[in-house]
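I set out to record what I looked up in this model, entry by entry. The chain contact comes before the individual residues.

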Amino acid sequence: MNIIIVGGGQIGAYVAEILLKEGNDIKIIDNRESVMKHLQKKFLPEHFVFADGSSPKVLIESGISKADILVAVTGQDEINLVVSMLAKFEFGVPRVIVRINNPQNKWLFTADMGVDDVVNQAEALSAIILKDIEK
Amino acid sequence: MNIIIVGFGRLGRGLSWNLVKKGYNVTVIDKDEAVFTGTKHKQIESIQKIVGVGFDRDTLIQAGIEKAHALAALTTSDEANALIAKIAKDKFRVPKVVARSYDSGKSEIYNRLGIQTFATTEWGINLISEAFMPQSLDILYSLGNGEVNIVRVEATEHQEGRMVKDLSIIGEVEIISIKRDNKAMIPLSGTRIRKRDILYFTVVSTANEKLKKLIGLSI
């Protein structure tokens, strides 16, 4: 599988590592220098790009036209959503998975914004806590 | 008419004063309260000010987006602007929505996603570059991000007697109006030009040099 990951922070890098071990082709895109230094230690140069992941040009150069899955996991919801819109509507990526940072923005993570699946940490966390309380 | 402006920087402020002057109800959203207290402009009292994030549903509803006729997304983030514009258009059905973008490469694609985007920096670059050319065209109005311009030229003896069609290039340069003796008209292709006519051209920016040659500004 060809997988593009926009956002190379803790979540992005962790997901990339697992996917790589499973034999997938991955490409991480991030434009933060500190993140790049971290990625350089963990990944081969062909696995990451030091650039702006919401730029259509960068996405094209990263091979989005061949991507089976795009994962948008930056720390900014507006960037994740713009990336998901581009991935789905401009480049036709079959599966788009997006991280929600601020639970208040949840209403925006819908199919008409190009989102197939969401990762909502706040909701997952509260579900676990509620389950414990109910016990 | 109710207009929402998101982002109270230089463009947002200037637009607000302009719209208030024209009699519109203007509501401004900015996440930084200091931008509202920082201005001494006399019109600041005439606008409704909301501190919040421009793509937050509660903030948008508080700003009256459900009854807004137009929205301009002018924050410093291209992504936030695209998202705000998309929400306004698709989720709240605001009839007229525009977004500003700094990166012209992004604005092209945002336009394709149905978000009308203005690359203000690109537009400025095009205008200034044109002004610096040795013989510059007198640009009255720029369309899009400067891809098409409306240009004014005063006819000299060089154009005297020539027909409108002689000064046209299909798809690139066209005379849309002539002002003669202070009266504007729409000419026919066979209309003959007189000295001192004011000619109004539309020209695609890639054909600026061709137009200059046609009217004798350059050789």
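The entries below cover conventions, the interface, and then selected residues.

**Conventions.** I worked from a predicted model, in which local features need pLDDT of at least 70, side-chain atom pairs count only at pLDDT 80 or more, and totals for chains, interfaces and linings use all residues. Residues are numbered from 1 along each chain as its sequence is written, chains are lettered from A and ligands numbered from 1 in the order in which they are written, and side-chain values use heavy atoms, with hydrogens and water left out.

**Entry 1: the interface.** The size of an interface is often given as the accessible area lost when the parts come together. I looked up this value for chain B and chain A and noted about 1700 Å² of buried area, 69% of it from carbon and sulfur atoms. Buried area here is the accessible area (1.4 Å probe) that two parts lose on being put together, summed over both. Chain B and chain A each bring 19 residues to the contact, where contact means heavy atoms within 4.5 Å.

Entry 2: I found two salt bridges listed between chain B and chain A; a salt bridge is a side-chain nitrogen of Lys or Arg within 4 Å of a carboxyl oxygen of Asp or Glu. One of them pairs A:Asp112 with B:Lys91, at 3.4 Å from N to O. Six residue pairs are in polar contact across the interface, both residues being at pLDDT 80 or more. On chain B, the elements giving two or more residues to the side that touches chain A are helix H3 (57-62), helix H4 (78-91) and helix H5 (104-112). H4(B) supplies the largest share of that side, seven residues. Helices (H or I, at least four residues) and strands (E, at least two) are DSSP runs, numbered from the N terminus.

**Entry 3: B:Ile87.** Is B:Ile87 buried or exposed? B:Ile87 counts as buried because its relative accessible area is 0%; buried means under 20%, exposed over 50%, and partly exposed in between (1.4 Å probe, protein chains only). This residue lies in helix H4 of chain B. Leaving out residues up to four places away in sequence, B:Ile87 touches A:Trp107, A:Leu108 and A:Met113 in chain A, and B:Phe55, B:Leu60 and B:Phe92 in chain B. I also noted that B:Ile87 and B:Asp56 are 31 residues apart in sequence and 9.8 Å apart in space, C-alpha to C-alpha.

**Entry 4: positive phi.** B:Arg93 has a phi near 55°, a positive value in a residue other than glycine. B:Arg93 sits in the loop between H4 and strand E5 (96-101) of chain B and is exposed, at 65% relative accessibility. For B:Asn182, phi is near 70°, again positive in a residue other than glycine. B:Asn182 belongs to the loop between strand E9 (173-180) and strand E10 (183-185) of chain B, and its relative accessible area of 69% makes it exposed.

**Entry 5: A:Asp30.** I located A:Asp30 in strand E2 (residues 25-30) of chain A. A:Asp30 counts as buried because its relative accessibility is 5%. Its side chain joins that of A:Arg32 in a polar contact of 2.8 Å. A polar contact is a pair of N or O atoms within 3.5 Å; within protein, one must be able to donate a hydrogen and the other to accept it, and residues adjacent in sequence count only if both atoms are side-chain atoms. Residues touched by A:Asp30, beyond four places away in sequence, include A:Gly7, A:Val35 and A:Phe50.
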